Amino acid sequence: LRAADEKLLNLMKKVFVESEAEGPPVSFACGRLLYTLAHLASRSSASPAILEVGDGYGFSTLWLAPALADEGVDGNVYSMEAGEGAEKALENLKQA
């Protein structure tokens with residue numbers, strides 16, 4: 001993430017801590033990997049699309065979406081969640 005994304009990083013930390021009791025869907029290291037992979041994928045298409053199945057509290061989405069924005073492409077992240085965390089994920093993503 002770019003250095004200017006301190007607000008987003010603080011939100012990621014908050015979401016991570018909130019979801020830790022249930023076991024976070026991904027670690028920060030895995031989140032960084034998701035960011036890197038999405039960043040690389042964004043270079044292969046003018047308008048990449050990422051499908052995420054099961055976003056928990058929105059933690060991994062918070063890594064995927066900025067990768068597209070940082071590359072400056074007009075891409076989309078489509079996220080599906082049917083579990084109890086869906087409302088919390090939506091709330092977290094609105095804060096981003």
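Me: Leaving aside neighbours within four places in sequence, which residues is Leu62 in contact with?

Reply: Contact means heavy atoms within 4.5 Å. By that test Leu62 touches Leu8, Leu11, Met12, Val15, Leu93 and Ala96. This is a predicted model, where local features need pLDDT of at least 70, side-chain atom pairs count only at pLDDT 80 or more, and totals for chains, interfaces and linings use all residues. Residues are numbered from 1 along each chain as its sequence is written, and side-chain values use heavy atoms, with hydrogens and water left out.

Me: At what angle do α1 and α3 pack?

Reply: Two packed helices are described by the angle between their axes and the distance between the axes. Axes are lines fitted to C-alpha atoms over the stretch in contact, and angles run from 0 to 180 degrees between N-to-C directions. Helices are DSSP runs (H or I, at least four residues), numbered from the N terminus. Here α1 (residues 6-20) and α3 (residues 59-71) pack at about 160°, with axes 9 Å apart. The pair is therefore roughly antiparallel (angles over 145 degrees).

Me: Which residues of α1 and α3 meet?

Reply: Leu8, Leu11, Met12, Val15 and Phe16 in α1 meet Phe59, Leu62, Trp63 and Pro66 in α3.

Me: Is Leu51 buried or exposed?

Reply: In soluble globular proteins, nonpolar side chains tend to be buried together. Leu51, however, is exposed, with a relative accessible area of 58%; exposed means over 50%, buried under 20%, partly exposed in between (1.4 Å probe, protein chains only). Leu51 lies in β1 (residues 49-53), a strand being a DSSP run of E, at least two residues. Leaving aside neighbours within four places in sequence, Leu51 is in contact with Tyr78 and Met80.

Key
Parallel < 35°, antiparallel > 145°, perpendicular 65-115°, else oblique.
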